[in-house]
Amino acid sequence: MRKHSIVTIGACALAISLAMASMSWAASAPAAPKVPQGWKFTFPQGDAKAGRAVFLEMKCYSCHAIDIPGEKLVARSRGAGPDLNVYSGLPKEYLAESIIKAHTIVAAPGYTVKEGRAAMGEYNHFLTVQQLIDIVAFLRRGTKAEGK
Ligand code: HEC
C-alpha cells in the first residue's frame, strides 16, 4: 500500500511538471525576432592587396579600365564596362552589390547600360565571400593609395 502511494505521488509530480513546462514553452514561443533598432547592412573592411590579386586573377580588367602601378594590363574589350578608377570614393556596400548583382543603372557619369540589360558576367559562383570583401577594399583604396 505504502509503496503504491509513493508511485502515485511520483507520477502526479511528473505530470504537473510536464504540464508546467509545456505552458511556459507556449508562452515564450510566439515572439517574433526583431532586428536591433537602427540596424543597417554594413560591409566589412577588407585587404586591398589581396583584392588586387583577385581582381587580376578574375581578369576584371578585361572589361574595366583601372590603373595599377607596376602592372601593364592588356584589356581585351577595354571600355565594355565603366572605368573603375573613379570608383574609389563609393560606399563599400554599393561596390559589393554591383559585383554580386549587376546594375542596370551605374554610378559612372556618362556611362549608360546598353538597352538596360546588364552585360557584366556573374561571379557569385567563383568568388568567395572573403575575395568579394577584398576586391571591394581594392576598389575603394583607389589605385594611387593601393599597395602602400
Ligand atoms: C565581360 C566584361 C566584364 C567583366 C569581365 C567584368 N565586368 Fe564589371 N561591368 C561590366 C559592365 C558592362 C558593367 C556595367 C553594368 C552592366 O552592364 O552589367 C560593369 C559594372 C561594374 C561596376 C560598377 C557598377 C555600378 O553600379 O556602377 C563595378 C564596380 C564592376 N563592374 C566591377 C567588376 C569586377 C570587380 C569584376 C571582376 C570580378 C568585373 N567587374 C568584371 C563588364 C564587366
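Leaving aside neighbours within four places in sequence, which residues is Leu 95 in contact with? They are Tyr 87, Leu 90, Val 136, Leu 139 and Arg 140, where contact means C-beta atoms, placed from the backbone, within 7 Å.

## The model

This is a predicted model, so local features need pLDDT of at least 70 and side-chain atom pairs count only at pLDDT 80 or more, while totals for chains, interfaces and linings use all residues. Residues are numbered from 1 along each chain as its sequence is written.

## Overall layout

The chain has four helices and zero strands, running α-α-α-α from the N terminus on. (Helices are DSSP runs of H or I, at least four residues, and strands are runs of E, at least two; both are numbered from the N terminus.)

Of the 148 residues, 20% are buried, that is, with 20 or more other C-beta atoms within 10 Å of their own, C-beta atoms being placed from the backbone. Among contacts with a separation of 6 or more, 65% link residues 24 or more positions apart.

## The core

Leu 95 turns up again in the largest nonpolar core, a set of 18 residues. (Such a core joins buried Ala, Val, Leu, Ile, Met, Phe, Trp, Tyr and Cys through C-beta atoms within 7 Å.) Phe 55, Leu 132 and Ile 135 are also among those with the most contacts inside it.

## Around the ligand

The ligand has 26 residues around it, the closest being Cys 60, Cys 63, Gly 81, Val 106 and Ala 118; a residue counts if its C-beta atom, placed from the backbone, lies within 6 Å. H3 supplies the largest share of this shell, three residues.

Notes:
A residue is buried if 20 or more other C-beta atoms lie within 10 Å of its own, exposed if 12 or fewer, and partly exposed in between; C-beta atoms are placed from the backbone. Two residues are in contact if their C-beta atoms, placed from the backbone, lie within 7 Å.
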